[in-house]
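Here are my notes for a colleague who is opening this structure and would like to know where to look. The points are numbered so that each can be checked in turn.

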Amino acid sequence: MSICLFGVNHKTADIAIRERFAVAESDYKKHIEETLRHPAIQSVVILSTCNRTEYYLSVTSVQAFKEFYASTFGQQDNRDVIYKMTGQDVVSHLFSVTAGIDSLVVGETQIQGQVKKAYETAKQVRMDSALDKLFQMAFKAAKLVRSETEIGRNPVSVAHCAVQLGRQIFGDLQQQKLLVVGAGETAELVIRYLINHQADTITITNRTRSKAEKMARIFNTGVMPLSDLERRLSEFDLIFTATACPHHLIVHQTTKLALKARKHRPMVMIDLSVPRDIDEAVKAFDDVFLYTVDDLQKVITDNMSRRQNTVVEARRIIEAEANLYMQWLRRRKYHNLLKQYQQRVDQDKIEALKNQRADIDEAGLQKMEILAHQVSKKVAHPVMAGLRKVIESGNEEHIKLMAELLNLDSDDDT
């Protein structure tokens, strides 16, 4: 039995190619059943996200995998786009994927849930022990990486850093009135992070009102026309801007009037736009705290650097866990060698006792059986230990040589 993999990801293929390989979660079962029709494939897990589509296979042999792959792709094979792996390379890759080490944003946590969903769906169809053990150990490795490194403890997106900054300034966001200017991807991320931190009073405004209204329905927030921004700016304590507007939306005079209406209660403005939505002149007010992308970039860079520094430690954990899996796989593959040798020892013991049975009474025979058991155990132990060590080394040549010396059948690995 061999573990194999083929797939594409954000490192090898652009979105146009990844779309061709993509499999919807609702179609996992159908694709698994189709793949299992090949007689050499014992089990398969399909993992398909926006960044990757991968097939993890348990097959009768590596050669069978190569034949299956050739029959599937034929002339369409592009080695620069589709990667193929076998053995420990597969194990290390899956463990890295599950731990978020192979992600577009290093350390992201969403992938672990996606891997679990893929694994659970495959179990509903068919799952052999080799692939089952592989994914169970992948979840264990990811947990170890999370608990023993700081891989996921530092935010790396602009939106995340912006919300974290707001929390550092205000503490409890439940008590603040928040305004998000924009309805694009960054604005959506800001809103998601705000909601995750129990922000209650969020209002969305955008140049295209329909987009703001659609986002407000999705997140159950307030919405206002962009034309009301100047009149209502004084209502908000924390303002995020993330638009593609070519000119300033919040200017010096508008802010001056807002502060007067607020009786100079402080306002925090976080401008995530390039070009900027907020006039830099606003910084002149003592009661306004204005932050731009450049102010956040240092935090992002520092946090990404910390994450990258933990990747080395994370890979050490992953490789250690991958080695444990490979040892388990080799023990499983050559378990019959240990079984054969133990049966040989037991049979020799039985034959030796049989020859003495006629000349010894029952009491003597019982003593001899105990002695024979102790001697055979003492003789077999170092041989079994050595055989087990050679098996765990993974050196096929040494395993076959050991089997030959002990007159064992190394081809019988059932």
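1. In what follows, a residue is called buried when its relative accessible area is under 20%, exposed when it is over 50%, and partly exposed in between, with a 1.4 Å probe and protein chains only. This is a predicted model, in which local features need pLDDT of at least 70 and side-chain atom pairs count only at pLDDT 80 or more, while totals for chains, interfaces and linings use all residues. Residues are numbered from 1 along each chain as its sequence is written, and side-chain values use heavy atoms, with hydrogens and water left out.

2. Helices (H or I, at least four residues) and strands (E, at least two) are DSSP runs numbered from the N terminus, and two strands pair if DSSP finds at least two bridges between them. Four strands form an open antiparallel sheet in the order S2-S3-S1-S4. Strand S2 (41-48) and strand S4 (83-86) each have a single partner strand, so one side of each is left without a neighbour in the sheet. Strand S1 (residues 2-9) is joined to S4 by four bridges, and Leu5 stands opposite Met85 there.

3. Strand S8 (residues 238-241) pairs in the parallel sense with strand S5 (residues 177-181), and also runs parallel to strand S9 (residues 267-271), with four bridges. Leu238 stands opposite Leu178 and opposite Val268 in S9. In a regular strand the side chains alternate between the two faces of the sheet. In S8 both faces are covered, with Leu238 and Phe240 buried on one side and Ile239 and Thr241 buried on the other.

4. A salt bridge here is a side-chain nitrogen of Lys or Arg within 4 Å of a carboxyl oxygen of Asp or Glu, and the count by this rule is twelve. Lys140 and Glu321 form one of them, at 3.3 Å from N to O; Lys140 lies in helix H6 (residues 129-148) and Glu321 in helix H12 (residues 293-333), 181 residues apart. Lys140 is partly exposed at 42% relative accessibility, whereas Glu321 is buried at 7%.

5. Which residues form the salt bridge of 2.6 Å, N to O? The side chains that meet are those of Glu313 and Arg316, which both lie in helix H12, three residues apart, about one turn of the helix. Glu313, at 32% relative accessibility, counts as partly exposed, and Arg316 is partly exposed with a relative accessible area of 46%.
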